[in-house]
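Trainee: I would like to go through some of the labels used for this protein. Please set each value against its definition.

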Amino acid sequence: MRNKRTPRICFTTVSRFNKFPEGVEIGHLSPESPTETRITATYVTDSEEVSNSRKDTKDGCVTSSNTSQTKSDESSFKTSHWDELDCQREENVPYAVNDQNKCTTKRPEVGADEKLTDDPAEHCEYDPKLLLKTSMKRDCYDKVIEAQNLQAELARIKQTNEELTARVKRLLHDRQALEFQLEAQELKNNQLTKENAECLVHVTENRFLEETIQRLKEQLNEIAEQTDISRLARRQLRAECVRMELERQRLVDEYLRLETSRASNREELEALNRRRQQLELFQEDIVQRQQLANRWQEVAGTIRIFVRIRSQTSKTESSEKSTRFPYESGCLVVPAEDKIGIYLNRGQNASICGAAGTTTTDNTVRLYNFNQIFPPGTPQCKVYQSISNQVKRILDGYNVTVLHSGTSGSGKTFTCCGNTVEPGIASFSMADLLRLVTEKGQTNISFYASFIEIYNDRVRCVLSKRAVQIKDTGSTVFVKDQKEVRINRLGDFNTLLNRVGCERKSYTIDRNQHNSRSHLFIFIKCILTNGGQEANIGTLIMGDLATPVRLKQSHPLVNDRLFKQESWHIQKSNILLSSMLHQLRKRGVVINCRGTRLTELLKPCFSGDSHLIMLLTITDDPEQASTTQNVLEFGKLASETALGTPKNHLKLD
């Protein structure tokens, strides 16, 4: 039995990058073509296999199809069937024209009455060869149609490929354009970066310029201020120049006037020179008279009186004004340095010497002459200089007594003892004596100090705080059992003086008034050591005498019994002292010193055994004018008393 051959057509698309299926020949692949299309017609029998391949490649684009073609549709099958029949009838060979993508087949003509059928067996005889040939032609025809379709599809794919290629080129062109734009943008960015850096530099420069401008503005303001100041100074200078010019003109006029009056003043100058010479002669005469008077006072033993004034009315006066003469304050007037006057009844109640309820304005002045007057503002050292020559005489063998008396609150204790800020007469005297001994090199002379207080007519030693006795042997008077301390340095004496001042009996009457209620005596003995024997060659006695104080009736001490007793003893001792001075003025009268302890202690002073100096302190308070007058009268009485020539203890030894 003959094997039946069945035709089969396969379209296979082979990629050169993929594996090829089995049974496909690979002989026409070119390296330029990425893909290849092969058309294979196979007649398969039981023992053989016939294949026919066709490869179509164009412009590097390959379209593949790997399907078993079937009849596309029923009409196309019928058309191809009748075309084959027409070809068989005419030439027994199919007539086909294939012009690239066009295929034409002649159909057999049929009559009007002829009926066409789809079955070829109805139009021809059954012939297997013819039927096979017809079947093969028909398959080839279908293959050709299919190839044409594939070519059309290939053309379309090529067109699409061209479009894609153009699009790729366009994209490449766009890419290059974008790259150019990117490079331009990068250049632009670099340029912008440079410009930004330049801008930052400019900003920094602008800030620096702004700061510089601000600083220049400040400097300009300062220069403007300085300019204004300079203008003001220039105006002032111009005004000063104008003033100086006026002053110069005035001086020129004054010079001309002086030149014109010089001739007339020459005669006056000669007259003044003659007057000056006369005054110089007069001054020399005064000095000689004063020396003679001092010598006479020393020979006659006259008491030297010095008056010191404490101002209580003019607290604001300068020290320079208060030390010049003439000086007037309160109830006192000082026309010269040795004269003092007091206004009687100034500012007092007129009931004393006139109608009650009125005050008098009596300007009557009573003058007193003393050795020297110290107005307010006189320092302590100047007061001591006036009596220093007499104090130094204890080294020559004389006794010297300095009594401090005056009104209450006038500064007696301050003048005598001083304070921690300004030393008193006692400290200056001790310092001066120690200095003289050191300068002369008299190592055999030593000083001893003792302090005696008389309180309510009882005598006690302040250093030992024990009662002592005053012994009168007729020729000498001494204090028994008193404690004497050797003085080697001034500091030791000042320490003792401060201690004594704190232990002395006293009261604080007012806020600024300190009243002493006892008499204080400071003894400084000058001891000469010769051959192991000690001899007293001179004694300096400084006495701070207490005075009674007048209190208002509303004061709490007015009715105090102890205060009254103290005042009575103070008044009694002062009255007896004045009485002794009155007795000394009479010739041939025996002096009685046994009335009080004060007069007993001062007996050697009034017996011609000591130089006596009185320092009277008064105030210019008009309310104490009567007390001040009593003190001045006491000083006048003492200045008129002659005690005789003092004894020299060195000559007696």
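Trainee: Why is Asn456 called buried?

Mentor: Buried means under 20% relative accessible area, exposed means over 50%, and partly exposed is in between (1.4 Å probe, protein chains only). Asn456 has 8% relative accessibility, so it counts as buried. Keep in mind that this is a predicted model, where local features need pLDDT of at least 70 and side-chain atom pairs count only at pLDDT 80 or more, while totals for chains, interfaces and linings use all residues. Residues are numbered from 1 along each chain as its sequence is written, and side-chain values use heavy atoms, with hydrogens and water left out.

Trainee: Where is Asn456 found?

Mentor: Asn456 sits in the loop between strand E13 (445-455) and strand E14 (458-461). Strands (E, at least two residues) and helices (H or I, at least four) are DSSP runs, numbered from the N terminus. Asn456 also has a positive phi, about 55 degrees, although it is not a glycine.

Trainee: What makes Asp457 partly exposed?

Mentor: Its relative accessible area is 27%, so Asp457 is partly exposed. Asp457 belongs to the loop between E13 and E14, and its phi is positive at about 65 degrees, although Asp457 is not a glycine.

Trainee: How do you know that Ser427 is buried?

Mentor: Ser427 has a relative accessible area of 7% and is therefore buried. This serine lies in helix H6 (residues 425-440).

Trainee: Which residues is Ser427 in contact with, leaving aside neighbours within four places in sequence?

Mentor: They are Leu490, Phe493, Asn494 and Leu497. Contact means heavy atoms within 4.5 Å.

Trainee: Which residues form the positive surface patch?

Mentor: Arg231, Arg234, Arg235 and Arg238 form it. Patches are made of residues with over 30% relative accessible area and no salt bridge, with like charges joined within 9 Å and nonpolar side chains (Val, Leu, Ile, Met, Phe, Trp, Tyr) within 5 Å. A salt bridge is a side-chain nitrogen of Lys or Arg within 4 Å of a carboxyl oxygen of Asp or Glu.

Trainee: Why is Arg234 called partly exposed?

Mentor: Its relative accessible area is 45%, so Arg234 is partly exposed. Arg234 is part of helix H2 (residues 128-300).

Trainee: How many helices and strands does the protein have?

Mentor: There are twelve helices and 23 strands. Buried residues account for 36% of the 653 residues.

Key
Areas by Shrake-Rupley, 256 points an atom, 1.4 Å probe, with all protein chains shown as cover. Lys, Arg positive; Asp, Glu negative; His and termini not counted. Charge placed at Lys NZ, Arg CZ, Asp CG, Glu CD.
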